[in-house]
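Subject: Structure handover

Hello,

Here is the structure for you to look through. My notes follow below it.

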Amino acid sequence: MLSKITSFALCGLEGVPVEVETDVNKGVVSYDLVGLPSASVKESKDRVESAIKNSALYFPVNKITINLAPADIKKDGSHFDLPLAISILKASDQLTADTNGIVFLGELALDGALRPVTGIMPVLISAKAKGFTRFIVPAGNANEASYLEGTRVYALSSLRDTVDLLTGVRAFNPVEKREFAAVRKERSYNCDLSYVRGQRVAKRALEIAVAGGHNILLAGPPGTGKTLLARCIPTIMPDMTFGEALEVTKIHSVSGELSEEGIAYLRPFRTPHHTATTVSMCGGGSGKIHAGEISKAHNGVLFLDELPEYSRSTLEALRQPLEDKIITVARSGGALTFPADFILCASMNPCPCGNYGSAYLTCTCTPSQIHKYRNKISGPLLDRIDLQVEVDGVKYDDLTGEGQEEPSSAVKERVEMARAIQRERFKDEGAAVKVNASMGERQIKKYCRLTAECEDVLRTAFEALHLSARARTRIIKVARTIADLAFSEEILPEHILEAASYRNCV
């Protein structure tokens, strides 16, 4: 007898419907699985057989042929165990229930228990878009499946429970829907800008960077608070919308890094070690193509501590994603596009000993050592970093003073007001332009008109600092953000001056 069960395969972050066709017939006892299955899918035969037998069901001793259609897409992942088992039970007449329109996902243990799998959220989103509304998933994925409206998801514990649900032997309630706003409200960050003493210029630069979505570099001696400042960036970023949370959740779900809540409720803050390879940063792999750190930082922050210590090839690979906000990973098996819209925050020492330019410490490096150290970062990459800020040490009295530092919540309010101005400004520009940093030449000409006085100031900075055309454009974008924070419709000379002051500290 022939049976057909619906499941889904993952191609990057998108789900593709897969029809599990099973034919159980007389003949030489065999088990053939075709349709471009990966090694993890091929190995499912022993898991499925033991799970069926240990669930008080019968594994047919016949010629079993299973096809995963469409046959030209590679199927990867252990979530095909459950649909394979259900299709065998249907093909052997042990299960006569109607399974049309139900999507099955889940890995089987040898005793028939359902184990959680990765990638549930992107599968559910893709399946819903294609008209599927009923799902059976492992109980361990219940939280992840509870945020999508318009779906009925049953999170079950075993193959036996699945059979009982389909046959009506026992009643099971679908997963109760959860509110994203309630989950987000209960969570908070472990750091705050009020913990950072002094560093007024750096804090101001962080506010501008977040308000306009600009990249930022913090340069200064060791121990001046660069890392703590960077970790405070998510605390002043606007809360994620539900749509943004789903985008982040899809990436982290496929990567197997999702929290127990089943959804990403805080902005990502990724800090890859300086030994990270180009593949781990950008994505790829020899077999299945995985998302890299820049995609896992989507809608959040990518923090590169000690920037010159990263390999040159890894840093140069960031240049295109910083411009395009996406990355296409091409391998012999195909090409996949991942989102990569993040704020890059980097930190570095000004020289090998770390004390060059400090008002409090003495540098022991030679000019050639300093040049060689700084030359590890290419000019084109620095050009794409809008704000470059010097972070010097603070005096002891500043660390122990009674003065109250401004908390992240106060800065966040100003950032949100600036972001609101930008949303109104770009409401007709499409999804690609959301903040000032993402403006193209057309938007700059439209929204960043400069007076003759502003042009004179910008020309002086351009010639004095030997800036590139790209640097000029980015100064204008930063000036637009500074004007938004000041609730100014026009860009004024002081806005240009401040924006230009954040260039060429390296």
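**Charges over rings**

Arg425 sits over the face of Phe426, 5.6 Å from the ring centre. Lys45 does likewise with Tyr31, at 5.8 Å from the ring centre. The rule for a charge over a ring: NZ of Lys or CZ of Arg within 6 Å of the ring centre and within 35 degrees of the ring normal.

Please keep in mind that this is a predicted model, where local features need pLDDT of at least 70, side-chain atom pairs count only at pLDDT 80 or more, and totals for chains, interfaces and linings use all residues. Residues are numbered from 1 along each chain as its sequence is written, and side-chain values use heavy atoms, with hydrogens and water left out.

**Aromatic pairs**

Rings of Phe, Tyr and Trp (its six-membered ring) pair if their centres lie within 6.5 Å; planes under 30 degrees apart are stacked, over 60 edge-to-face, and the rest tilted. The count comes to 5 aromatic pairs. One of them joins Phe180 and Phe242: the ring centres are 5.7 Å apart and the planes stand at 50 degrees, so this pair is tilted. Phe180 belongs to helix α6 (residues 180–185) and Phe242 to helix α10, so the pair ties together parts 62 residues apart in sequence. Helices here are DSSP runs (H or I, at least four residues), numbered from the N terminus.

How covered are the two rings' residues? Buried means under 20% relative accessible area, exposed over 50%, and partly exposed in between (1.4 Å probe, protein chains only). Phe180 is buried, at 6% relative accessibility. Phe242 is partly exposed, at 33%.

**Helix α10**

α10 is mostly covered, with 10 of its 14 residues buried. Among them are Leu246, Val248, Ile251 and Val254. The buried set also includes Glu244, Lys250 and His252. Gly256 follows α10 and has a positive phi, near 75 degrees.

**Cysteines**

A disulfide is a pair of cysteine sulfur atoms within 2.5 Å. The search of the whole structure finds 0. Cys282 is in no disulfide; its nearest cysteine sulfur belongs to Cys345, 18 Å away. Cys345 is in none either, and its nearest cysteine sulfur, that of Cys232, is 10 Å away. Cys282 counts as buried at 7% relative accessibility. Cys345 is buried too, with a relative accessible area of 0%.

Best wishes

Key. Helices (H or I, at least four residues) and strands (E, at least two) are DSSP runs, numbered from the N terminus.
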